[in-house]
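This report describes one chain together with its ligand.

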Amino acid sequence: MPANPYLQVSGLCKHYGEGEARVSVLHDVSCAVGAGEICVLLGPSGSGKSTFLNLVGGLEAADAGSITVGGTELTALTPKQLGEYRRDKLGFVFQFYNLVPDLTIRENIEVTAHLSANPLAIDNLLRSLGLYEHRAKFPRQVSGGQQQRCAIGRALVKNPGLLLCDEPTGALDYQTSKEILELMETVNRDFGCTIVIVTHNDAIKHMAHRVLRLRDGQLVENVANAERMRARDLTW
Ligand code: ADP
Ligand code: MG
């Protein structure tokens, strides 16, 4: 157990379908991720990783169990409050970027910014993501890696406490994947947000403070990397 958990999940269960079509996807999953950790959630395709992330992100409702993020229990929120949580506290990064094709790179980041966001702050964010020169282009005019940087910027502009990433490098080549993961380490250090990265790629383990593993909807591994945690003054 981390000493200072940011995400706490207890007894989480989820199924899809009914009768013969019923599939149980998560069985009694309990875990915690400490504030400031990078947590890598591994597991083969179909093991329930995206479902877990969608529940934590408030995109779907659990059958049973509780999810607490930064002291707020999601399962106790009204739909309106859940919408506010998603809008204000949470960043989501997807495999296929999910940018709005008719908005420029800058506009894709601006859409999630609070009305009070300083335009200079957005310029600085664009610079730190290496996107400033590309700010007036549309997503189709930049590379996959640049589109994913834009998606990360869109998530970061609201200063989320928690960044959830579902196979963020799944569509990228080796070198670009490496750059995106390095960017996430920088984000973790500089923005201080807790990050959960879902992937089927075990090679990503090296960057984790904590590794979780799902198999057939059950949590079969929960290991903290003591050395990496010490290097960042994290405790567990
Ligand atoms: P992963 O991300 O690890 O590949 P998922 O969480 O996407 O796994 O899926 C876990 C299981 O749940 C799979 O068997 C998948 O077919 C099933 N599943 C996921 N979403 C749905 C859905 N909306 N309706 C029915 N079954 C689903
Ligand atoms: Mg998935």
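## Model and confidence

The confidence of the predictor in each residue is expressed as pLDDT, on a scale from 0 to 100. For this chain the average pLDDT is 93, and 97% of the residues score at least 70. The model has an ipTM of 0.98 and a pTM of 0.95.

This is a predicted model, in which local features need pLDDT of at least 70 and side-chain atom pairs count only at pLDDT 80 or more, while totals for chains, interfaces and linings use all residues. Residues are numbered from 1 along each chain as its sequence is written, and chains are lettered from A and ligands numbered from 1 in the order in which they are written.

## Overall fold

The chain contains 7 helices and 10 strands; these are DSSP runs numbered from the N terminus, with helices (H or I) of at least four residues and strands (E) of at least two. Along its principal axes, the C-alpha trace spans about 50 × 40 × 35 Å.

Of the 236 residues, 41% are buried, that is, 20 or more other C-beta atoms, placed from the backbone, lie within 10 Å of their own.

## The shell around ligand 1

The residues around ligand 1, with a C-beta atom placed from the backbone within 6 Å of the ligand, are Y16, G17, V23, V25, G43, S45, G46, S47, G48, K49, S50 and T51. Two or more residues each come from β2 (23-34) and α1 (49-56). The largest share, 3 residues, belongs to α1.

Conventions. Buried ≥ 20, exposed ≤ 12 C-beta atoms within 10 Å, placed from the backbone.
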